[in-house]
Amino acid sequence: MILQKEYEIYKSALPSHYCNKIIEYCLRKQQMKGTVGDSQVSTNLRDSNVIFNNEYWLKLILSYYINKANKECGWNWNIGFLEDVQFTIYNPGQFYDWHCDSWEKPYDKPNTPLHNQIRKISISIILSNEEDSDGGDFMIMSNKFMNQTVKNIKELNKQGSVLVFPSFMWHKVNKITKGVRYSLVGWNCGDQYI
């Protein structure tokens, strides 16, 4: 699929005090080890901690930027259900290697809003202050017009910045070398591409 615009970044979109409140709220919950795919823990591909949230107010934030980017990038994809929001914690030495957020087949979860849906649009919001950690750069594989390049999305290091991109794009989070990196991650699903 050739896209005129592969992703959208909203620099410092959320104010610092709001990001700090989200961190404080999420850290009150029970953490678990981040998994890959169908609940498989893989420290070769991923090493992070996560907390899932289904609170309406968090989903509202992500939905706003997903819908905005969907329109502004000219994707105009039919999207609907937003999965639970993932609060991700990267401590020193933790990372998430190259992966994409969508799978080969749609969800097979009868009697749920996810049944026969695929992940279409991904979002990542950096919550931590860039001065509080080193490393953890977000890398994305650009394939614009058959010219494959790796882009370091440095703008995402700034607290409150939002990155929205198609779920089929390959991306990674480099290893954290100092401090802790906090982010919110989400996936908006929809019908399969025709």
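This is a predicted model: local features need pLDDT of at least 70, side-chain atom pairs count only at pLDDT 80 or more; totals for chains, interfaces and linings use all residues.
Residues are numbered from 1 along each chain as its sequence is written, and side-chain values use heavy atoms, without hydrogens and water.

**Sheet.** I noted that β3 and β6 pair antiparallel over two bridges. Pairing takes at least two bridges found by DSSP. Strands are DSSP runs of E, at least two residues, numbered from the N terminus. β6 and β12 also pair antiparallel, over two bridges. There, His99 has His171 of β12 as its bridge partner. β9 (138–142) pairs antiparallel with β10 over four bridges. I found Met139 opposite Asn152 in β10.

I then wrote down the whole order: β3-β6-β12-β9-β10, an open, antiparallel sheet of five strands. β3 (46–47) and β10 (149–152) are the edges; each has a single partner strand, so one side of each lacks a neighbour in the sheet.

Next I checked the largest pocket, which holds about 860 Å³. A pocket is an open set of points on a 1 Å grid over the protein atoms alone, where a 1.4 Å probe fits, with protein on both sides within 12 Å along at least five of seven lines; lining residues have an atom within 4 Å of a point. Volume is the space filled by probe spheres set on the points, which are joined across faces, edges and corners. I got 40 lining residues, with Thr35, Gly37, Trp103, Arg119 and Trp187 nearest the centre. Elements giving two or more residues to this lining include β6 (95–99) and β12 (171–173).
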